[in-house]
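Hi,

Please find the structure below. My notes on it follow.

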Amino acid sequence: MFLEVQHIVKSFHKEEVVKDLNFTLAAHQTLSILGQSGCGKTTMLKIIGGLVRPDGGHIYLNGNLIDDVTPEKRSIVYLYQEDLLFPHLNVFENIAFGLKIKKINASEITDRVHLMITSLELQGQEKKMPHQLSGGQRQRVSFGRAIITNPALLLLDEPFGSLDTGTRARMQDLFKRIASEFRITSLFVTHDLKEAILMGDHIGYMQSGKLKVYESKESFIQDDHTGVQKEIDFWKGLTK
Amino acid sequence: MKSKASNIGFIFFGLIGILPFFAAFIYALLYSFGMVGAANSGFTTEFWVSIWQSGAFLRSLVYSTAVAGTSIIISVSLALWLTLKFRKELEVPFLSFAMYLPLAIPGIVAAFFTFQLLAKAGFFSRIAYAFGWITEARQFPDLVNDPYAIGIIATFISIVTPFFLLLFLNVYKNERVEELAQLSQSLGANKQQTVWRVSLPVLLNKTWTLIGLYFIFLLGAYEVPLILGQESPQMLSVLIIREIKQYDLSRLSEGYVVAVIYTVIVTTAAVLLFSRKNDVRHEG
């Protein structure tokens, strides 16, 4: 498997936030993880991204143990809940950031950034500063900046949580298209039931630090803990 | 209603903020051309020519700029280093309270402290004597009233650094620099690249106007260079007051010439600083 997470545990001040985390993910697939606020989703992603050190367990990426690999060398990009753009850089510079760090030559950077800007439908916004963009545009820049570095794994932490319903739906479509176009492997964390089903090739449910990955979407829907049945009953009740 | 209130506000700002300053400037300008003043007899440019030929103003301007610039560069660098290196330690309640204390010390008191510490008969000189490093007071290096303005710069740094430290700590938190730094590492930047490409630009981008204003403030500082400065060259405010307070009334106008030039330079700098504040940086 491309990503293998084995027996990861993490506590903060005697509170066990992540409990014996075990799962695998194949390359070019998206695992969406549903969970309520405070269930340990963000800590889990930060551990995989190398931003938080676990108390125990191992992570393998493409067959390599990455426990002691620093965040900048993991080729894993963690995307924050909010569209966190570098405030001193414009759209072009934000997207080009990871390429400039790798000291790729200027003309190649320009070509790749313009290609990405077109894919993200952000033409004409290149020179705008982050505060001049809408929420959806900022989120798209944030995606582009992460994807352009061609990361081995993309970690998305409730990326559409702050967007309105319409923008959220457009961004979900855009992400699916981009994920397929750039063959992205990703973990997509959300607390929105519909989004979890829509975005993932596989689905997991996280509760009190424990993650359960389902064999199929059907088994996820059947499980009472996930709340899908309650949701279905609610909508059925409305139509009666 | 709102526009009426804003009009009244604008009128008050004009009456209290601009008019007295403008009136004083016009008075100084007229004095500098000999058009007012007991010892003057009408329009003349002799005071401007005299100041220009003596070179005292230019020397003072260069000296003041060097002293203020050095103090600001050292203070800002020190505050940035402390912010990035010891941010978590500085969040301890006692330290975060202690940082405010230097802000309450007036410049004149800080200057006296420095004098007591660094003068040839001061604290450090006595310690050096007690340890046998020097055998008499005059062997102690000139650290106050010295040609390199070490005493002035040390005092400015002690006053200004806590202010910038508090400012940078607040900006660090408000601009979420820690998360931006993590993001930058996640995108492949090492710690050094993160500091130079993210943390420092974000902190400086948000504060450079204040840094500029503090530079102007130090350029015109009076008490500290008066107590710790040398006879010549003097910092601008000391030079201006020395000229204006002279018993020789015929030279009073030269003081006003210096005051006029200084006002024009500082006002222009302040206007440029604020007019560029809202500029948006673009790069293709």
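**A leucine in chain B**

B:L213 has 14 C-beta neighbours inside 10 Å, so this residue counts as partly exposed. Bear in mind that the model is predicted. B:L213 belongs to helix α9 of chain B.

**Helix α9 against helix α3**

Which helix axis comes within 10 Å of that of α9(B)? It is the axis of α3 of chain B, residues 56–90. Helix α9(B) itself covers residues 191–219. The two axes cross at roughly 145 degrees. The crossing is right-handed.

The contact draws on these residues:

- From α3(B): B:S64, B:T65, B:A68, B:G69, B:S71, B:I72, B:V76, B:L80 and B:L84.
- From α9(B): B:V195, B:S199, B:L200, B:L203, B:I211, B:Y214, B:F215, B:L218 and B:L219.

By class, this contact has 13 nonpolar residues, 5 polar ones and no charged ones.

**Where the chains meet**

Chain A puts 23 residues in contact with 21 residues of chain B. On the chain A side, two elements give two or more residues each: β6 (76–79) and α2 (91–101). Helix α2(A) supplies the largest share, 5 residues. The chain A side divides into 12 nonpolar, 5 polar and 6 charged residues.

**Chain A overall**

Chain A holds 8 helices and 10 strands. Its radius of gyration is 18 Å, close to the 18 Å that the globule rule gives for 240 residues, so chain A is as compact as a globular protein of that length. Along the principal axes, its C-alpha atoms fill a box of roughly 55 × 50 × 35 Å. Buried residues account for 43% of the 240 residues. Take the contacts in chain A between residues at least 6 apart in sequence: 69% of them join residues at least 24 apart.

**The sheet of 4 strands**

One open sheet in chain A has 4 strands, in the order β2-β1-β4-β5. The pairing is antiparallel.

A:E4 stands opposite A:Y60 in β4(A). Helix α1(A), residues 41–49, lies across β1, β2 and β4 of chain A. It runs at about 60 degrees to β2(A).

**The sheet of 6 strands**

Another open sheet in chain A has 6 strands. Their order is β6-β7-β8-β3-β9-β10, and the pairing is mixed. Its edge strands are β6 and β10 (210–213) of chain A, each pairing on one side only. From one strand to the next, the twist averages 20 degrees.

At one end, β9(A) (residues 202–207) and β10(A) run antiparallel, joined by 4 bridges. A:G204 stands opposite A:V213 in β10(A). At the other end is β6(A), one of the elements on the side of chain A that touches chain B.

Best wishes

Methods: Residues numbered from 1 in each chain as written. Chains lettered and ligands numbered in written order. Predicted model: local features only at pLDDT ≥ 70, side-chain atom pairs only at ≥ 80, totals over all residues. Axes fitted to C-alpha atoms, helices over the stretch in contact; angles between N-to-C directions. Left-handed = near helix turned anticlockwise from the far one by under 90°. Contact = placed C-beta atoms within 7 Å. Nonpolar A, V, L, I, M, F, W, Y, C, P; charged D, E, K, R; others polar. Pairing = 2+ DSSP bridges. Rg over C-alpha atoms; globule rule 2.2 N^0.38 Å. Buried ≥ 20, exposed ≤ 12 C-beta atoms within 10 Å, placed from the backbone.
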